[in-house]
There are 4 protein chains.
Amino acid sequence: MSSHRKLRYGMIGGGRGAFIGGVHRIAAIMDGQAVLTAGAFSSDAARSKASGEDLFLDPSRVYGSYQEMAAAEAKMPADQRLDFIVIVTPNHQHFPPAKLFLEAGFNVVCDKPVTFNLAEAKKLAAVVKKSKKVFVLTHNYTGNAMVKQARELVQAGALGEIRKVVAEYPQGWLSTLLEKTGQKQAGWRTDPKRSGAAGCIGDIGTHAENLARYITGLHIDTLCADLTTFVKGRALDDDGNILVRFKGGAKGIIHASQISVGEENALNIRVYGTKAGLEWHQEHPNQLLVKYPDKPTEIWGRGNGYVGKAAGAVTRTPSGHPEGYLEAFGNIYKEAFRAIRAEVSGEPIPADVDFPTITDGVEGMAFIETVVKSSKAGAKWVKFPKV
Amino acid sequence: MSSHRKLRYGMIGGGRGAFIGGVHRIAAIMDGQAVLTAGAFSSDAARSKASGEDLFLDPSRVYGSYQEMAAAEAKMPADQRLDFIVIVTPNHQHFPPAKLFLEAGFNVVCDKPVTFNLAEAKKLAAVVKKSKKVFVLTHNYTGNAMVKQARELVQAGALGEIRKVVAEYPQGWLSTLLEKTGQKQAGWRTDPKRSGAAGCIGDIGTHAENLARYITGLHIDTLCADLTTFVKGRALDDDGNILVRFKGGAKGIIHASQISVGEENALNIRVYGTKAGLEWHQEHPNQLLVKYPDKPTEIWGRGNGYVGKAAGAVTRTPSGHPEGYLEAFGNIYKEAFRAIRAEVSGEPIPADVDFPTITDGVEGMAFIETVVKSSKAGAKWVKFPKV
Amino acid sequence: MSSHRKLRYGMIGGGRGAFIGGVHRIAAIMDGQAVLTAGAFSSDAARSKASGEDLFLDPSRVYGSYQEMAAAEAKMPADQRLDFIVIVTPNHQHFPPAKLFLEAGFNVVCDKPVTFNLAEAKKLAAVVKKSKKVFVLTHNYTGNAMVKQARELVQAGALGEIRKVVAEYPQGWLSTLLEKTGQKQAGWRTDPKRSGAAGCIGDIGTHAENLARYITGLHIDTLCADLTTFVKGRALDDDGNILVRFKGGAKGIIHASQISVGEENALNIRVYGTKAGLEWHQEHPNQLLVKYPDKPTEIWGRGNGYVGKAAGAVTRTPSGHPEGYLEAFGNIYKEAFRAIRAEVSGEPIPADVDFPTITDGVEGMAFIETVVKSSKAGAKWVKFPKV
Amino acid sequence: MSSHRKLRYGMIGGGRGAFIGGVHRIAAIMDGQAVLTAGAFSSDAARSKASGEDLFLDPSRVYGSYQEMAAAEAKMPADQRLDFIVIVTPNHQHFPPAKLFLEAGFNVVCDKPVTFNLAEAKKLAAVVKKSKKVFVLTHNYTGNAMVKQARELVQAGALGEIRKVVAEYPQGWLSTLLEKTGQKQAGWRTDPKRSGAAGCIGDIGTHAENLARYITGLHIDTLCADLTTFVKGRALDDDGNILVRFKGGAKGIIHASQISVGEENALNIRVYGTKAGLEWHQEHPNQLLVKYPDKPTEIWGRGNGYVGKAAGAVTRTPSGHPEGYLEAFGNIYKEAFRAIRAEVSGEPIPADVDFPTITDGVEGMAFIETVVKSSKAGAKWVKFPKV
């Protein structure tokens with residue numbers, strides 16, 4: 001069937017009081033390509049209903065559980081059928097609905113980290129493969145235009161051979177025992193039963209790793225991680241410093257923190273090659289610094305004529321009209337929609353679609369597990385597993 | 001009738017190749033509160049149809065002219081009737097559709113500057129008043145959270161008495177005769193028949209004036225403007241430097257330029273009072289600098305707990321997750337929707353809605369005309385008219 | 001006689017409690033080329049003696065007045081004779097000692113503005129000419145390496161034809177009636193008998209004008225100045241906004257303020273030409289932004305191999321080792337010493353010495369007087385006089 | 001004897017073509033407190049003579065070797081005797097002259113790292129102790145006013161308990177095999193016989209460690225270092241990434257690099273405590289960021305009334321008049337002179353003098369050796385030795 005219409009989607013999680021669900025909803029619709037049509041916004045049926053009402057949904061398509069939703073939505077006629085499902089629950093609730101909906105024939109967009117642990121991620125990879133559906137993992141920061149520009153410069157050889165990568169992600173919001181105050185976001189992120197084996201590293205360290213990999217194309221060979229739980233009474237790490245050796249000889253540092261008091265969301269990356277270096281700051285995402293040994297540092301600005309194809313393709317506003325977090329998130333959807341529209345129309349997925357996949361998810365989970373393993377062993381060097 | 005549903009809107013202008021129409025479409029829908037339902041996207045009927053198709057519209061509600069649209073849409077039943085109209089045509093095509101739709105009983109959102117000239121603006125003010133409909137002018141930069149914070153600080157007396165304002169808006173994109181290359185945006189903006197009496201000043205100088213007024217609450221008493229057309233063959237000003245004396249004794253500088261080569265969209269403002277000063281940069285809109293005589297300069301960051309109510313009310317993402325141009329634009333809509341929903345439901349407009357109105361539009365047109373008058377007189381001081 | 005030795009200098013003014021005298025002393029000696037040998041540091045003989053003792057001077061060469069000093073020092077034998085005199089008194093005390101020492105055969109370095117008024121400046125120009133001595137005016141900001149780089153880029157045509165200049169110099173330290181608290185620096189600067197016809201404009205506005213002229217080579221044709229005294233009880237302007245039309249057609253804005261609360265010493269300049277633009281901030285002087293219509297903005301860093309000859313010649317430390325206010329001040333001396341050593345040795349002054357001269361001083365005084373004239377006439381456009 | 005006169009000093013090393021010697025000469029004299037009087041500028045006697053002539057020295061006090069100089073200068077009468085010696089030779093030539101001059105009764109200022117290896121440093125500590133002379137180590141970056149402010153804030157408890165420190169020092173100038181081109185600075189720094197066991201880590205990593213220790217007062221307990229030599233043909237490390245565990249529980253990252261292409265001299269530090277965080281950038285040294293969990297980030301500016309005593313004591317110019325690398329270097333001398341003047345006058349050294357000492361030198365050498373040991377062992381965790 002033709003996909004020249006707004007895509008219909010349903011959401012799992014993201015009810016009242018959630019954070020990332022609202023972000024996904026903005027990101028999914030900003031380009032007028034999709035419409036929220038159904039949802040199981042909470043495992044509390046009343047809360048789910050109320051959230052559906054907030055969102056102007058037809059009550060008949062608001063469910064008390066994702067299982068109920070899967071059962072009902074699978075029966076919808078073609079002209080009402082959901083084109084994709086968005087999963088925005090805490091980590092431990094990624095795998096079950098993802099598997100269920102993929103197997104029911106729906107395309108799936110899932111928040112990161114992809115699953116609760118590496119074993120689940122591998123299982124999900126098999127499910128995705130078998131399903132032949134589109135699976136999108138929202139490592140949203142790679143949606144930034146200037147991140148794509150950075151990647152394009154690396155791929156074009158502008159940096160020469162990469163030697164060093166410094167990726168960091170300091171925040172300060174968990175510098176006290178916020179999870180004990182009833183703050184919902186802090187609650188599940190610091191709970192090993194919902195978050196997984198890592199706290200800070202799973203929540204944000206994995207973004208730093210993903211960003212480094214996306215830009216440089218480098219894969220970790222071994223790492224040495226020193227995780228710390230600074231806040232007494234907390235169950236998971238709230239800070240982590242990691243030395244990295246990439247395959248091929250580049251070295252790196254990845255550090256993340258949620259106790260770096262006063263920091264907001266300072267995901268930053270620097271990459272140095274033999275010919276040039278790069279620097280990008282998530283909080284000022286419209287600029288990319290390019291540094292040279294023998295000429296002035298350049299400030300590349302999003303939206304200018306000189307930026308490359310990849311960045312140009314995800315540009316909504318002219319240079320100087322700053323795009324931000326939501327637009328970058330929307331870019332993941334923008335690319336995902338190209339794949340989903342193809343899938344829905346029974347056409348081949350375009351070869352050049354650019355969004356994080358289950359493969360990225362598996363590598364991300366392997367990163368988390370390797371970091372935790374290293375740290376638990378006393379911050380020893382540990383080989384990155386084959387994934 | 002209840003307005004607990006997505007608001008339906010129609011658009012005038014904004015077809016293929018347009019810039020600001022696309023911005024409005026994103027801004028209008030990003031919070032999931034509205035849906036584009038109809039449009040007359042171009043005075044070229046085929047182009048309008050094609051644009052409607054791009055936007056997944058029902059072809060029956062895509063029109064070849066705004067007149068046709070007004071006639072047809074006025075007859076729609078309540079459950080399909082448009083709740084508001086968005087006008088995104090060049091300046092000379094603001095007044096006619098605005099008047100038509102207001103008189104036909106529709107709420108109207110209109111791009112700036114509000115009309116082709118001051119006389120039209122005054123007429124439109126009368127139309128708005130008589131219509132009792134909501135009229136929203138998208139001076140979008142005042143939608144920025146930290147601009148609202150700046151205003152709140154001024155209103156709370158944190159700056160003391162305002163002494164000096166420096167508002168500037170340099171761009172560089174018109175540093176050559178771009179309008180002769182077929183570039184559509186350059187074409188109408190430099191054409192006196194479509195843009196009005198001013199070029200750069202009407203297009204962006206008026207944003208600077210509006211921003212200064214919004215933050216400080218000050219109104220211009222007299223001004224002295226030196227406009228220049230640097231690019232040979234251009235019909236309107238592409239640069240303007242203006243000395244300003246505000247009512248009450250504050251002094252100011254407003255300057256705007258489209259030949260400041262290498263500048264992207266550098267709308268910046270500094271305000272100095274007896275107690276403190278402010279500085280805000282549109283290209284880095286999530287920060288607001290607050291300066292004091294006797295303590296460290298502060299960087300206020302959007303989304304933090306310490307920001308005030310006005311900024312907090314338009315915050316979608318946490319601190320460090322940058323919002324940008326589109327979110328600020330969306331904030332104008334966010335506030336407008338509060339008024340439009342009230343109007344649609346027959347309820348009183350909330351007293352605290354915060355968006356630019358026809359009054360701002362009239363003052364903006366008075367600014368443009370006064371600047372042009374001053375400059376034509378040889379950059380003499382001219383009294384700002386009563387509006 | 002050979003000048004291959006440290007140059008000996010005497011200072012007029014700059015005793016205990018002074019500001020700029022200490023700056024000159026550091027700037028003069030930092031390169032090990034000069035030694036303070038004599039001084040009349042205050043018109044209060046005891047204070048002068050005490051200051052001389054602070055500075056480890058031979059008491060026999062510390063004087064109670066500059067007249068006494070001139071009389072005594074003129075008789076010194078060649079091997080003890082001062083090579084130059086540094087005048088760092090308030091403005092009204094520049095001309096008398098400058099004239100006296102020049103006529104007594106000494107080279108003179110004088111702080112800015114060069115004299116109390118334009119008439120004196122013109123007289124001094126005649127004295128300098130007749131004396132055949134070296135006269136140096138310390139418009140110190142032009143000593144910055146990256147300012148020299150900016151000038152070199154303009155001279156090389158990298159900017160094309162200059163269209164617009166924005167030079168600004170906001171400070172906040174005089175936002176209250178500081179002069180009534182006994183603060184010495186505020187005292188004389190706000191006193192018409194010591195400072196001259198202008199306050200803020202004479203003290204710092206003239207730096208902005210000089211910087212713009214140095215970088216661009218442009219001379220003002222007409223200007224329109226709106227000076228204000230915001231602080232009640234103050235005798236001179238503490239803020240000024242000036243529209244400028246340069247000879248040749250470029251336009252400009254020069255503004256200066258001492259009531260821009262929270263600003264420290266924010267001398268900034270932006271220059272836009274047909275091909276490129278420049279931006280430099282005195283508070284971060286090691287960087288120069290160069291902006292283009294069609295390629296990334298460049299950050300030129302002092303001390304790098306790609307910087308030009310002029311900047312390279314005044315570079316003491318490698319890139320990344322920031323030079324500041326004192327080094328820039330020292331660069332004026334560095335260039336001055338090339339001239340003074342030539343003069344002392346009876347050799348011709350090198351053609352390429354680069355420091356502000358009496359000509360700059362006269363133009364600066366003309367600027368001050370024209371600005372005051374314009375403002376007093378109600379902020380009218382006034383023709384810049386021939387100087 | 002009284003020290004109310006300029007102090008006389010002699011220099012070892014720093015002849016033509018040297019870098020740091022010139023820096024020391026400016027730093028030593030900028031406040032008019034000292035005068036270069038003698039020197040052995042090179043082990044090449046002719047070069048030493050030529051350098052002395054460049055510096056306007058009396059040829060009789062310019063020597064062909066430091067041994068010769070020590071012998072001759074020790075015999076000088078009191079009124080000509082050197083008050084201190086400055087050693088600016090490559091690392092392997094620190095210990096011999098330091099020992100010789102200390103034992104000959106001279107105060108000594110020595111460039112960092114203090115010696116060729118830890119064993120020498122310990123020996124030198126014994127020599128210093130026995131000599132009762134002043135020994136100053138020029139870890140110059142701790143001379144920055146805002147670094148002192150940072151330390152004062154930590155000491156005052158403004159940060160609470162320190163949790164995390166990130167100190168980094170990337171440069172790019174050795175990203176190629178520069179040492180093989182005859183570049184003198186690259187030559188000795190990459191030569192194990194002159195530089196010691198480490199390259200990049202000894203040259204600049206030790207500055208980062210010293211800075212972290214100075215500001216926080218924390219001492220390293222264990223570390224894990226991964227050093228790399230990226231440039232083929234180079235004998236020493238040109239990059240190093242180090243995980244650190246401080247005594248008391250804080251964690252840290254120290255990384256330094258000379259192959260981070262495009263970086264100039266980016267020594268930066270961030271410190272996070274339970275109450276607040278700090279950030280300082282050497283390339284913009286006049287600002288210190290102070291970050292809080294619940295209020296705006298503050299930009300503390302050097303020279304303002306609100307800065308503390310320590311920063312105030314080393315301030316030469318008002319706020320907004322940037323001080324840089326040389327002034328910070330001069331501040332080490334400024335404090336050293338307080339000690340040296342006391343020593344020369346036979347008075348007790350003031351208790352509050354603030355400059356790096358032999359103790360810092362020993363700890364710095366221990367850092368270098370521990371880092372090298374860790375890296376050679378395969379980047380294993382190694383206990384910091386007792387020093």
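In this predicted model, chain D is superposed on chain B by a rotation of 180° with 0.0 Å of shift along the axis, and the RMSD of that superposition is 0.0 Å. That is the relation of a two-fold axis. Among the residues of chain D, the one that comes closest to this rotation axis is Glu298(D), whose C-alpha lies at 2.3 Å from it. The two copies also meet through the same surface, because 100% of the interface residues of chain D are interface residues in chain B as well.

**The contact of chain D with chain A**

Chain D also touches chain A, and to this contact chain D gives 44 residues while chain A gives 44 residues. Between chain D and chain A an area of about 3300 Å² is buried, and carbon and sulfur atoms account for 52% of that area. Polar interactions are found across this interface too: there are 20 residue pairs in polar contact, counted where both residues have pLDDT 80 or more. Which elements of chain D give two or more residues to the side that touches chain A? They are strand E6 (162–170), strand E7 (220–228), strand E8 (239–246), strand E9 (251–257), strand E10 (268–273) and strand E11 (277–281) of chain D. Sorted by class, this side of chain D has 18 nonpolar residues, 14 polar residues and twelve charged residues.

The interface of chain D and chain A holds ten salt bridges. One salt bridge there joins the side chains of Asp226(A) and Arg245(D), with a distance of 2.7 Å from N to O.

**A buried asparagine in chain A**

Within chain A, Asn331(A) belongs to helix H11, which covers residues 325–345. Is Asn331(A) buried or exposed? Its relative accessible area is 2%, which is under the 20% limit, so Asn331(A) counts as buried. Leaving aside residues up to four places away in sequence, Asn331(A) touches Gly143(A), Ala145(A), Val314(A) and Arg316(A).

**Backbone features in the loops**

| Feature | Residues | Angle |
|---|---|---|
| cis peptide bond | Lys112(A) and Pro113(A) | omega about -15° |
| cis peptide bond | Lys112(B) and Pro113(B) | omega about -10° |
| positive phi | Phe56(A) | phi about 60° |
| positive phi | Phe56(C) | phi about 65° |

In chain B, Pro113(B) has its place in the loop between strand E4 (107–110) and helix H5 (118–131) of that chain.

Phe56(A) sits in the loop between helix H2 (45–54) and helix H3 (66–73) of chain A, and Phe56(C) is found in the loop between helix H2 (45–54) and helix H3 (66–73) of chain C. How exposed is Phe56(A)? With a relative accessible area of 22%, Phe56(A) is partly exposed, since that class takes in values between 20% and 50%. Phe56(C) is likewise partly exposed, and its relative accessible area is 22%.

Terms used. Residues numbered from 1 in each chain as written. Chains lettered and ligands numbered in written order. Predicted model: local features only at pLDDT ≥ 70, side-chain atom pairs only at ≥ 80, totals over all residues. Heavy atoms only, no water. Least-squares fit on C-alpha atoms with pLDDT ≥ 70 in both. Contact = heavy atoms within 4.5 Å. Buried area = accessible area lost by both parts, 1.4 Å probe. Salt bridge = Lys/Arg side-chain N within 4 Å of Asp/Glu carboxyl O. Polar contact = N/O pair within 3.5 Å; in protein donor to acceptor, adjacent residues only side chain to side chain. Helix = DSSP H or I, 4+ residues; strand = E, 2+ residues; numbered from the N terminus. Nonpolar A, V, L, I, M, F, W, Y, C, P; charged D, E, K, R; others polar. Buried < 20%, exposed > 50% of the residue type's maximum accessible area, 1.4 Å probe, protein only.
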